[in-house]
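Open the structure in your viewer and keep the selection tool at hand. We will go from stop to stop, picking residues as we go.

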Amino acid sequence: MSQSLADIQLAERHYDQLAADMIALLRTNGDDKGADFAQTMLDEDGSGTAVNACVIDIIDHHIDPTPVAELFKTVHTEFPGCNEDYQDFLEYMQNFVRHAADTHSFQCRIPHHLEISRGSTENRTN
């Protein structure tokens with residue numbers, strides 16, 4: 001199925017927005033160095049490399065990933081090429097939320113349509 005030019009442009013805007021939101025998330029959580037690096041990647045190489053850098057920093061710094069989860073799901077649907085970053089992100093998010101629930105550090109639940117089983121790249125539908 002081919003996409004229209006408008007669909008492609010919308011998908012590119014979503015990817016750019018995801019990168020910007022992830023950079024903002026890093027800054028909000030005090031990771032200015034990681035945010036600066038990701039911003040440089042965004043400016044020089046585009047959204048894909050910036051999102052990759054952000055995923056790595058979000059995981060490394062144990063940052064709550066839920067604020068960008070829905071947009072990342074949209075981007076993954078539109079750009080399946082980001083599958084590896086998306087898989088890493090979802091696995092980290094599940095572990096983050098599970099750990100938070102175990103330690104009662106906050107009340108958070110992953111929407112079940114974002115849950116995945118280990119090794120699966122498909123979203124649950126039930």
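This is a predicted model: local features need pLDDT of at least 70, side-chain atom pairs count only at pLDDT 80 or more; totals for chains, interfaces and linings use all residues.

**Stop one: arginine 27.** Select arginine 27. Is it buried, exposed or partly exposed? Its relative accessible area is 35%, so arginine 27 is partly exposed.

**Stop two: aspartate 36.** Aspartate 36 has 41% relative accessibility, so it counts as partly exposed.

**Stop three: aspartate 32.** Which residue does aspartate 32 form a salt bridge with? The partner is arginine 27, and the closest N and O atoms are 3.7 Å apart. Aspartate 32 is partly exposed because its relative accessibility is 41%.

**Look at the trio.** Show Arg27, Asp32 and Asp36 together. Salt bridges with shared partners join these residues into one network. How many salt bridges does the structure hold? It holds 2. As a general point, side chains of opposite charge can pair when their charged atoms come close.

**Stop four: isoleucine 8.** Clear the selection and pick isoleucine 8. It lies in helix 1, which covers residues 5-28. Its relative accessibility is 33%, so isoleucine 8 counts as partly exposed.

**Stop five: phenylalanine 79.** In sequence, isoleucine 8 and phenylalanine 79 are 71 residues apart. In space, their C-alpha atoms are 9.6 Å apart. Draw that distance to end the tour.

How values were computed: Residues are numbered from 1 along each chain as its sequence is written. Side-chain values use heavy atoms; hydrogens and water are left out. A salt bridge is a side-chain nitrogen of Lys or Arg within 4 Å of a carboxyl oxygen of Asp or Glu. Buried means under 20% relative accessible area, exposed over 50%, partly exposed in between (1.4 Å probe, protein chains only). Helices (H or I, at least four residues) and strands (E, at least two) are DSSP runs, numbered from the N terminus.
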